[in-house]
Amino acid sequence: MPLVILSGLPTSGKSTRAKQLYDYLAERIAGSPSGTEAQGGAAASTTTATTTTPAYRLHLISDDALSISRAVYDLSALPAHTRSANASEKDARAAIYGAVKRVLSPRDIVVLDGLNYIKGWRYQLACEAKNFRTPSVVLQIGCSVDQARSVNEARLQRHAQQGETGDAEEPYSVANWDNLVFRYEEPNPMTRWDSPLFALTWDDDAAQTRAVFDKLWEAVAGENRKEVRPNQ
Ligand code: ADP
């Protein structure tokens, strides 16, 4: 399972980019040689693969897909010393972890759309990928705090007008949003678990987006992708 971990501020455009990446990867998988898994331990299966077997299966995992509410991240109302005991966020992480592990294999590309704002959590995910001898990368969605805030404010307004619709555009409460921005632990390409690190910003156009996706594809599925050993 090459694992693509998205990371970014709340309402910074992560799901939008995750869907674009999913469509891009689907297109690349359809166009890549069938049944010829690049590296990472699946080479033995090529003798039995038919020409119609795609080299990879593709998965998009997100809070919305797992019905995880924005409210689970809300620590703003808790006293500081109880923060590490936020059971709902821990449960949410366990659900995400379980969903990722269920599809873990060198033949599955997983796009993990979410805040992924805690570096220890990204470390844990990268270790899991390594255990399965498959690469992990981070795609950081860059967006100014003001831009991201205005998206959440617009959603709050719509939500107030329409009531709780339960649609995919659930806003964060203002305090929750502010607190998440405060807690955000920016990916650091100098660390093993945050590298390779790719980045897209709000204003990146289609050509730039594709150029970044091309590089990301090379890292997770290209012929020269790095071999992953569990105890490296
Ligand atoms: P997140 O997943 O980070 O909460 P979304 O992807 O849901 O953010 O995006 C929030 C809103 O901003 C959506 O209405 C989306 O259409 C819009 N949006 C996201 N990224 C861009 C972008 N690069 N350019 C213009 N609008 C965007």
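Reader: What does Ala-126 touch, not counting residues up to four places away in sequence?

Author: Ala-126 touches Ser-136 and Trp-193. Two residues are in contact if their C-beta atoms, placed from the backbone, lie within 7 Å. This is a predicted model, in which local features need pLDDT of at least 70, side-chain atom pairs count only at pLDDT 80 or more, and totals for chains, interfaces and linings use all residues. Residues are numbered from 1 along each chain as its sequence is written.

Reader: Why is Ala-126 called buried?

Author: A residue is buried if 20 or more other C-beta atoms lie within 10 Å of its own, exposed if 12 or fewer, and partly exposed in between, with C-beta atoms placed from the backbone. Ala-126 has 21 other C-beta atoms within 10 Å, so it is buried. Its place is in helix H3 (residues 119-131). Helices (H or I, at least four residues) and strands (E, at least two) are DSSP runs, numbered from the N terminus.

Reader: What separates the C-alpha atoms of Ala-126 and Ile-5?

Author: The two C-alpha atoms are separated by 8.9 Å, although the residues are 121 apart along the chain. Ile-5 also stands opposite Leu-112 in strand E3.

Reader: How do you know that strands E1 and E3 pair?

Author: Two strands pair if DSSP finds at least two bridges between them. Strand E1 (residues 3-8) is joined to E3 by three bridges, and the two run parallel. Strand E2 (residues 57-62) also pairs with E3 in the parallel sense, over six bridges. Ser-62 stands opposite Asp-113 in E3.

Reader: Why is E3 called largely enclosed?

Author: Five of the six residues of E3 (residues 108-113) are buried, so the rest of the structure largely encloses this strand.

Reader: Which residues of H6 are buried, and why are they said to lie on the same side?

Author: Phe-213, Leu-216, Trp-217, Val-220 and Ala-221 are the buried residues of H6. They cover an arc (of the directions from the helix axis to the C-beta atoms) of only 105° around the axis, which puts them on the same side of H6. The face turned away from that buried side carries the exposed residues Ala-207, Gln-208 and Asp-214.
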